[in-house]
Each structure stands twice: as structure tokens, then as C-alpha cells.
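Here's a quick tour of a two-chain model, starting where the chains meet and then moving to a few spots inside them. Have the viewer open as you read.

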Number of protein chains: 2
Amino acid sequence: MATWESAELAGLTVGVLGGTGDQGRGLGRRFSSAGLSVVLGSRDVARAEAAAAALPGDVRGADNATCAKEASVVVVAVPWEGHAALLAGLRDELAGKTVVDCVNPLGFDKQGAFALEVAEGSACQQAAALLPASTVVGAFHHLSAVQLLDPARETVDGDVLVVGDDRAATDLVQSLAALIPGMRGVYAGRLRNARQVEALTANLISVNRRYKAHAGIRVTDI
Amino acid sequence: MATWESAELAGLTVGVLGGTGDQGRGLGRRFSSAGLSVVLGSRDVARAEAAAAALPGDVRGADNATCAKEASVVVVAVPWEGHAALLAGLRDELAGKTVVDCVNPLGFDKQGAFALEVAEGSACQQAAALLPASTVVGAFHHLSAVQLLDPARETVDGDVLVVGDDRAATDLVQSLAALIPGMRGVYAGRLRNARQVEALTANLISVNRRYKAHAGIRVTDI
């Protein structure tokens, strides 16, 4: 399921917008541990630099625009509330790049998490609408930030469902996922089927609450 | 994850509406193999009886109304197109019962499967709206009918995501899933989070096409 060679991936710089959040730092940690160059982006450069300094490997901090400019693959890991505004402001910096959206549009109330309605259908489709010169792929929605960030944990067991309309881009993101020990990148359909991948995170939050777990998913029979 | 005792479940009669379809017959086969009484329901009694006769164990065929009346737990396995009309016509027969909806509202075109918009949010929520005197649970969405029907296959590897608002009913359905070797019933949230569970089937169809598989899912860390 990993079609890119490690040597090709080793030359990549991966940017993480919203790189100071738990999910962003967690992914940054795993990508740098796999040997990639990582740029954590934030609105606040000092926070980005502090977050980067706390991670092992080749990780630096930058403002979001610099992060987008310097990376060839850019992961979007901001809270849903800031998703549209951030991407609209980085259209030029992200042009021609693979943008990996892992944002889950969720609401929370006393009964737990629920999926929010998104006019474009999903966060991924919103990104694609806002970034017509980028190639948007959805991935990394179901990972536990706790597990990603835990330095004592060598593997992160779970599959990454990768959705997108461009084969080269989904292949690349599958290969990125496969760099993380324990993880596979599984092609799981087109961008029009991103919504339920994002929304499933609400169900995993319910699983976590019921079973006191950090649940992820595996695809069987592949 | 199975809170009901086998002895309690052994007394149950499970009805399957749309029991002559692949999914319905597959579930019927597995429930009867697990020792339950099964009634396959169909619009066409002769077809239901023929389908029942082809399965091992205590399986009989009936029209859908008789199936709904005779069973204490009723699985809805009809095509999405017939979902609303069927349930609206069985409101009285299904009153007071646990109704297990496994219907996936999907469309298909040359690019594959995609999730359909459902006014109520999901097939499960539509069922709940049409059956105010029943307890609706969503489950059994991601199973391969091919695997369910294969007599040479002793286990069906995969987790069943169980969604619903009534704890006793979701416990029961989790226990029913656990009767099938290889399968677990995993509580995965409230009915308002059923939509993405149903829609995820579109992604699994994409997985099947790409990997030539009969994909299902497992929840990790539980």
C-alpha cells in the first residue's frame, strides 16, 4: 500500500498548519521520527518554535504562511472553526501542493460529539473549493493525539483512510502514513466520500468514552 | 462486549425484513448457525420460504408482516428504495420491538458509490421517525454478504458498530453480533451519529474495488 520509495519520501518537507495543537504536534513527531523534515506552522511563531523545539528530529517552527511556502506537502490540522479562514488566506502559498486535510467538523454537547453540517459536504471538499490550484487529500482523521504524542509508544496501531480524486496524491499520502510504524494508508474513495470519514470521529469519541480507550480503526481483508 | 447471556439470547426469534436479499440471507444464516430462531420476511412468501429452506438450522419464511409480528428483534435489510414504505406499513407489527436497521442509503454511478442525502439524517433516524413505538438500533452495515453467505467460512472477521439511544437495546444488539464467530458488537454512539456509519459503506466499496477485497472494519484499542 506504500507506492513511494522511502528514498523519495526522505527528501520531502512536510508542513503542519495548526502544528501546535495536539494532533499537529503528534503528526509532526511521527513524521520527524520517520526521517522527514517537518515545519510546524502556527499563527504565533514563538509558539510554533517552542513546539518544534520539544520534538525530536528535524522539526522547526514558523508562521502558517512560511510553513505553507516551505513544505511540499502540507497537513491541515487546525480546529474546524478556523479552517476556512486559514485556507482562504493561504491560497497562493498552497498552490501546486498536496494539501492533506485531517480536520473533523464536530460539535459537542452533553451527549457527546456529533457531526456538523458543512455547506461543501466536508472539510476536505471545503478545502478543495478554497484551494483550486492545490490537490486536496483527506487523511489522518482517526488517530489518537495521545498515542501520537506518547514518546514511549513506538507504534501507532491503526489504518489511515485516504480519500481523494488524484491518484498520485493519494498514493503519496498513503506512503506517508505507512512511514509511521503500525500504520497503513488505505485508499478509501473519492473526496465526495470524505464527509463520513471525518464524521466517524464522533463515533470513535463515543467508543472512547464507553470503553475508556483511544480507539482507531483497521480495515479488514486487505 | 456481550452483556446478554447466551441462554437469554437462545430464546429469541430474530426476524429479517428483506430476508431474501444477500445481506438478509447472510445474516439469517449466521443467526441460525448461532442457535437462534430466524424468520426471513419478504413481500413474496414463496421466495421467503425458498430462501429459508436453503439455510441450515431453524429458519422459516414468511411475508414481511408475519415476520415482524413473530420476531422479538427485527432486522431491516431491505434496499434503501423500499425502506420508508416498508416500515410505514409495519408500524403496528413492530411496536414495542427492537428494530435493527442495517440499510445503507447509497447511490452508484461510474465513479462508484456515494452517500445519499436522507431528510431525517440517516436510514436509522428515518426508521425511528416512522416507528415511534419501536426502539431503533443501527448495526450490521459493514459486513460482506459474500462472507456471511459462504458456508465454508466459519468466522466473519469484523466489528459491528452499534448505534442507538437505548442502552438495553444496544446491549442486546451487541450481544447478537457477538454470537457470530469472529465478530464483536461495539457501541459506537447515538442514533444522531448513524449517518456516517451507514455512509462509510461507500468507502468500503471503494476499498473493495481498489484492493479486490471484502473489506470490513475493526475498532482498535478495545
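This is a predicted model: local features need pLDDT of at least 70, side-chain atom pairs count only at pLDDT 80 or more; totals for chains, interfaces and linings use all residues.

## Strands that pair across the chains

Strand E11 (residues 217–219) of chain A pairs with E11(B) in the antiparallel sense, over three bridges.

## The interface in numbers

Now for the whole contact between the chains. On the chain B side, 45 residues are in contact with 45 residues of chain A. The area buried between chain B and chain A comes to about 3,500 Å², with carbon and sulfur atoms giving 50% of that. Looking at chain B, the residues that lose the most area to chain A are B:Arg192, B:Arg210 and B:Tyr211, together 18% of what that side buries.

As for polar links, the rule finds 23 residue pairs in polar contact across the interface of chain B and chain A, both residues being at pLDDT 80 or more. Several elements of chain B supply at least two residues each to the side that touches chain A: strands E7 (112–115), E9 (158–164), E10 (183–187) and E11 (217–219), plus helices H9 (167–178) and H10 (195–211). The largest share comes from H10(B), with 11 residues. Sorted by class, the side of chain B that touches chain A has 20 nonpolar, 14 polar and 11 charged residues.

## Salt bridges

How many salt bridges are counted between chain B and chain A? The count is two. In one salt bridge, the side chains of B:Asp109 and A:Arg192 meet at 2.8 Å, N to O.

## A:Gln196, a buried glutamine

A:Gln196 sits in helix H10 (residues 195–211) of chain A. Is A:Gln196 buried or exposed? With a relative accessible area of 2%, A:Gln196 is buried, because the cut-off for buried is under 20%.

Its side chain makes a polar contact of 3.1 Å with the side chain of A:Asn193. Set aside the neighbours within four places in sequence, and A:Gln196 is in contact with B:Ala115, B:Gln196, B:Ala199, B:Leu200, B:Ala202 and B:Asn203.

## A:Ala52, inside chain A

A:Ala52 is found in helix H3 (residues 45–53) of chain A. Its relative accessibility is 3%, so A:Ala52 counts as buried.

What does A:Ala52 touch, not counting residues up to four places away in sequence? The answer is A:Leu40, A:Val59, A:Arg60 and A:Gly61. There is also a spatial pairing to check in the viewer: A:Ala52 and A:Arg29 are 23 residues apart in sequence, and their C-alpha atoms are 8.9 Å apart in space.

## Strand E4 of chain B

Over to strand E4 (residues 73–76) of chain B, where B:Val73 and B:Val75 point one way and B:Val74 and B:Val76 the other way. All of these valines are buried. The background is simple: in a regular strand the side chains alternate between the two faces of the sheet.

E4(B) has parallel partners. Strand E1 (residues 13–17) of chain B pairs with E4(B) in the parallel sense over four bridges, and B:Val16 stands opposite B:Val75. E4(B) also pairs in the parallel sense with strand E5 (residues 98–101) of chain B, over four bridges. Here B:Val73 stands opposite B:Thr98 in E5(B).

Notes. Residues are numbered from 1 along each chain as its sequence is written. Chains are lettered from A and ligands numbered from 1 in the order in which they are written. Side-chain values use heavy atoms; hydrogens and water are left out. Contact means heavy atoms within 4.5 Å. Buried area is the accessible area (1.4 Å probe) that two parts lose on being put together, summed over both. A salt bridge is a side-chain nitrogen of Lys or Arg within 4 Å of a carboxyl oxygen of Asp or Glu. A polar contact is a pair of N or O atoms within 3.5 Å; within protein, one must be able to donate a hydrogen and the other to accept it, and residues adjacent in sequence count only if both atoms are side-chain atoms. Ala, Val, Leu, Ile, Met, Phe, Trp, Tyr, Cys and Pro count as nonpolar, Asp, Glu, Lys and Arg as charged, and the others, Gly among them, as polar. Two strands pair if DSSP finds at least two bridges between them. Buried means under 20% relative accessible area, exposed over 50%, partly exposed in between (1.4 Å probe, protein chains only).
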